[in-house]
Amino acid sequence: MKILVTGDSHIGALNRGLQQLLAARKTDRSVDISILPLGGGHLLPTPFFRDAGDHAEMVAPDYQRHMSRLPPASPKFDAVVLSMPLWPMRVQHQITWGKFALAEHLEGRKTISHLVFKTLVLQDQKYVLELIDLLGRIGIPVAAVSPPRMFRDHSTLKFLPATQARTCFDTYLEIMKAELKARSVPVIDLPRNCCDAEGFMLQKFRHEDPEDEHHANAEFGALMVSAVERWAVSDLAAGRRKKLLPWRGSDS
């Protein structure tokens with residue numbers, strides 16, 4: 001099976017992890033994973049693609065430099081895994097710098113409801129969800145791969161209590177996982193042993209650059225690539241055998 005993994009800047013850790021696994025010969029030979037970056041996540045809340053009928057044509061110049069269309073015309077892929085729908089930090093920044101608080105009274109902050117927060121989340125992911133709908137319409141199986149959770153030293157924690165930051169982060173994920181479930185898009189989530197008891201990422205998965213506060217390292221990337229492989233071998237292959245999914249990719 002040929003799987004394309006693409007999306008935001010968290011793709012970098014996945015790519016480095018894949019290279020580690022290939023060098024150690026620890027990949028599943030029945031799954032051929034290609035990792036192609038799309039670009040920075042700051043463009044995802046904008047109309048970054050055009051519906052071209054049988055594919056999405058990238059219109060954001062930064063994305064065009066990496067990929068002109070999704071799915072690519074060649075080679076054919078059996079599924080697309082997106083690193084896009086599960087990164088809450090854009091909305092969390094709105095909460096932090098806008099001096100808001102989600103469903104909690106905090107001094108110096110205006111409380112917003114879950115309904116208002118959900119509106120922010122769906123605005124943030126509007127075009128990603130439209131892309132997922134397009135891929136589903138043309139018969140491309142789609143999954144979402146999880147980025148890392150927050151590390152304990154993330155800059156937002158200097159301005160928000162840890163419980164409020166986690167509430168925002170986790171509520172965003174709950175909203176998006178419900179949207180994905182409604183579209184029959186599976187989530188390839190991170191293993192539980194990546195986080196501490198309070199849900200923060202373990203420091204051993206921090207990016208190799210100590211100045212990078214929210215990307216993960218190659219070790220985390222390797223874990224997630226292996227999780228993508230397990231999903232492909234179990235759920236995706238099972239769906240193919242049972243003919244529950246439309247297939248347009250290769251037979252390898």
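**Exercise 1.** Which residues have the most contacts inside the largest nonpolar core, and how many residues does that core have?

*Solution.* The model is predicted. Start with the count: the largest nonpolar core has 50 residues. Phe48 and Phe117 have the most contacts inside it. Next, list the elements that give two or more residues to this core: strands 4 (56–58), 6 (79–83) and 9 (142–145), plus helices 3, 4, 5 (126–137) and 6. Helix 6 supplies the largest share, 8 residues. Then look around Phe48. Leaving out residues up to four places away in sequence, its contacts include Leu38, Leu43, Met58, Tyr127 and Leu131. Glu57 is also touched by Phe48.

**Exercise 2.** Describe the packing of helix 4 (residues 114–124) on helix 6 (residues 162–182).

*Solution.* Take the axes: they come within 10 Å and cross at roughly 65 degrees. The crossing of helix 4 and helix 6 is right-handed. Now the residues. Helix 4 brings His114, Phe117, Lys118, Val121, Leu122 and Asp124. They meet Cys168, Thr171, Tyr172, Ile175, Met176 and Glu179 of helix 6. By class, this contact has 7 nonpolar, 2 polar and 3 charged residues.

**Exercise 3.** What is the angle between helix 3 (residues 89–97) and helix 6, and how far apart are their axes?

*Solution.* The angle is about 140 degrees, and the axes are 10 Å apart. Helix 3 is therefore oblique to helix 6. Their crossing is right-handed. On helix 3, the contact uses Met89, Arg90, Val91, Gln92 and Ile95. On helix 6, it uses Gln164, Ala165, Cys168, Phe169 and Tyr172. Sorting these residues gives 7 nonpolar, 2 polar and 1 charged.

Note on methods:
Residues numbered from 1 in each chain as written. Predicted model: local features only at pLDDT ≥ 70, side-chain atom pairs only at ≥ 80, totals over all residues. Heavy atoms only, no water. Axes fitted to C-alpha atoms, helices over the stretch in contact; angles between N-to-C directions. Helix = DSSP H or I, 4+ residues; strand = E, 2+ residues; numbered from the N terminus. Left-handed = near helix turned anticlockwise from the far one by under 90°. Contact = heavy atoms within 4.5 Å. Nonpolar A, V, L, I, M, F, W, Y, C, P; charged D, E, K, R; others polar. Parallel < 35°, antiparallel > 145°, perpendicular 65-115°, else oblique. Core = buried A, V, L, I, M, F, W, Y, C linked by side-chain atoms within 4.5 Å. Buried < 20%, exposed > 50% of the residue type's maximum accessible area, 1.4 Å probe, protein only.
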